[in-house]
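Hello,

Here is the structure we spoke about.

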Amino acid sequence: MSEQHNTGLPSESTKKKNFIYEIINEDLETNKWNGNIHTRFPPEPNGYLHIGHAKSICLNYGIAKDFQGKFNLRFDDTNPSKEEQEYVDSIIEDAKWLGVEFEDRLFFASDYFEQMYQFAIGLIKKGKAYVCDLNADEIRATRGTLTEPGEESADRSRSIEENLDLFQHMRNGEFKNGEKTLRAKIDMASPNINLRDPIMYRIVHETHQRQGNAWCIYPTYDWAHGLEDSIEKITHSICTLEFENHRPLYDWFLNELGIYHPQQIEFARLNLNYTVMSKRKLLQLVKENYVDGWDDPRMPTISGLRRRGYSSEALRDFAETVGVAKRDALTDISLLEFSIRNDLNKRAQRVMAVLRPLKIVLTNYPEDKVEELEAVNNPEDAAMGKRNIPFSRELFIEQTDFIENPPKGFHRLVPGGEVRLRYAYIIKCDKVIKNENGEVVELRCSFDPETKSGTGTSAKKVKGTIHWVSALQAVPVEVRLYDRLFTIENLASDENWLNFLNPHSLEIIDDALVEPSLQNAKIGEHIQFERNGYFCLDSKFSTQEKLVFNRTVTLKDSWTSKK
RNA sequence: UGCCGGGUCGUCUAAUGGUAGGACAACGCCCUUUGGAGGCGUCUGCGGAGGUUCGAAUCCUCCCUCGGCAGCCA
């Protein structure tokens, strides 16, 4: 961002962020929409929202906010066989959590069904739509191919009166599923297959989660979507690239109807490496129990990321970072991780927790002495204050912070070596105790009383500082470590995507130890386990008796990555 | 051999006929009682070939290449 202030040009928030802002700024200049800007997010309630939807929500809501326009949340509930109330509820919850405000503009496409029906009658009367008797197989067979035109249905020439009558009977429920359809009369030879007399209504005898049994004919996406946008006076109907080929149809319907006509604009959907982003695949992971639900912390769903410990701020920042363009992209997950680290670093309470404990005994420290040592809650934010942590003769440190035969450059604890215990003393490893298998089970160390943290009396310097917990006061907890859900970057084109599930995507440690202050941890809090990463209480499995922590993300590690 | 839309550092994204820049990643140095954070620095890119122009990522032509489309899904 430069410091130039060009009076007369769009303000900071409305200036060109991407090609869509460019279009909107042009529209504003030409007064195309009388100064109105109105966007929408139109999910089908057939699954939970994922981070790709978050990108779209942020885009649409961001535009409304930046241009002082309006934003609608609209459910595109036109297919009762795939949609459920549970999904409606989760989508509203996730959208709100993301921070979007739609005030009273929560809409349902199904509330427009009667209006759509009347529009369809208008098209029939104009000779632009007809009831077709062809079944699904026949329609497919007569659609032609990518390189050959289709054939016209014999019903194409039905009279307007007959079409009107038949359509009424369709609505009345006098036909079985699939027996008849209403089709637009466009062009069976169009090089764009979407224009080869597309279906507007199909018969589905099924209970709609909102409309009950009021309807047995349901509008298809192509027919319904432009109408929804038109009814709501949307100005910019933003959707993903796969609808590009549908735009001529979107325009055709609205032009033939002669009604308010929003502009459809397509952008590239978000893809993240090492995960999947299609609702179909996510549903399969849930249904077949590869994960413990839509909100499994390994899922790229908004609810999964939330349970994992991601903040809505981080998600919004990420959406901003990935940008908006028309080219297909596969975004590196490290971009997301940067956003969450960046956010949590500023506000997460620091705490000491030992994931894989190794006992140490300070042989020269008094048997029953307990010191209360002062620790900083967040070095990034002094306002977060300080706390005391207990220190005593028997402690636990991280197993990985001691190596008997260390590699070059390792500056933690080694036999005969010294290291600082965070907020406490410098200790020296005097003796290594092993079990019959030769595994290190305990260290005998001595501490240097002159090196107490904060006293400034020590001239001694050590290269490493490690975290620890006091054995007596430490609280045993369960910790869940997550890794990428899949082992390969790009699963988009692979039919055997399930073969690439990462068997180590979840690791459960049931005997981790945390400092006593964590007894009071609350669900929704973001906490940094020093040197280990950011964690949060698991909203599903954590109980008062057994705290369960999820690792949101590790800290950036410039040591292990070096090896 | 159809139609539509794309190809800029490893990744994402700017530059709209006038010095190819930012972020992430990586690497190096400094600093550090988190091998965190922070600071400084380095690194690498216009798919190709022609053309127009004083000047092309940008305009034109051809080629290569990637994605989407043949649901009564969205």
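Which residue lies over the face of Y274? R484 does, at 3.7 Å from the ring centre; a charge counts as over a ring if NZ of Lys or CZ of Arg is within 6 Å of the ring centre and within 35 degrees of the ring normal. R306 lies over the face of W97, at 5.1 Å from the ring centre.

This is a predicted model, in which local features need pLDDT of at least 70 and side-chain atom pairs count only at pLDDT 80 or more, while totals for chains, interfaces and linings use all residues. Residues are numbered from 1 along each chain as its sequence is written, chains are lettered from A and ligands numbered from 1 in the order in which they are written, and side-chain values use heavy atoms, without hydrogens and water.

RNA strand B is surrounded by 67 residues (a heavy atom within 4 Å of the strand), and D76, R350, S453, Q528 and R531 are the closest. The side chain of R327 has an N or O atom 2.8 Å from a phosphate oxygen of RNA strand B.

The whole structure holds 25 aromatic pairs (Phe, Tyr or six-membered Trp rings with centres within 6.5 Å; planes under 30 degrees apart are stacked, over 60 edge-to-face, the rest tilted). W223 and F253 pair edge-to-face, 4.9 Å centre to centre with 75° between the planes. Both W223 and F253 are buried (under 20% relative accessible area, with exposed over 50% and partly exposed in between; 1.4 Å probe, protein chains only).

Regards

Conventions
A polar contact is a pair of N or O atoms within 3.5 Å; within protein, one must be able to donate a hydrogen and the other to accept it, and residues adjacent in sequence count only if both atoms are side-chain atoms.
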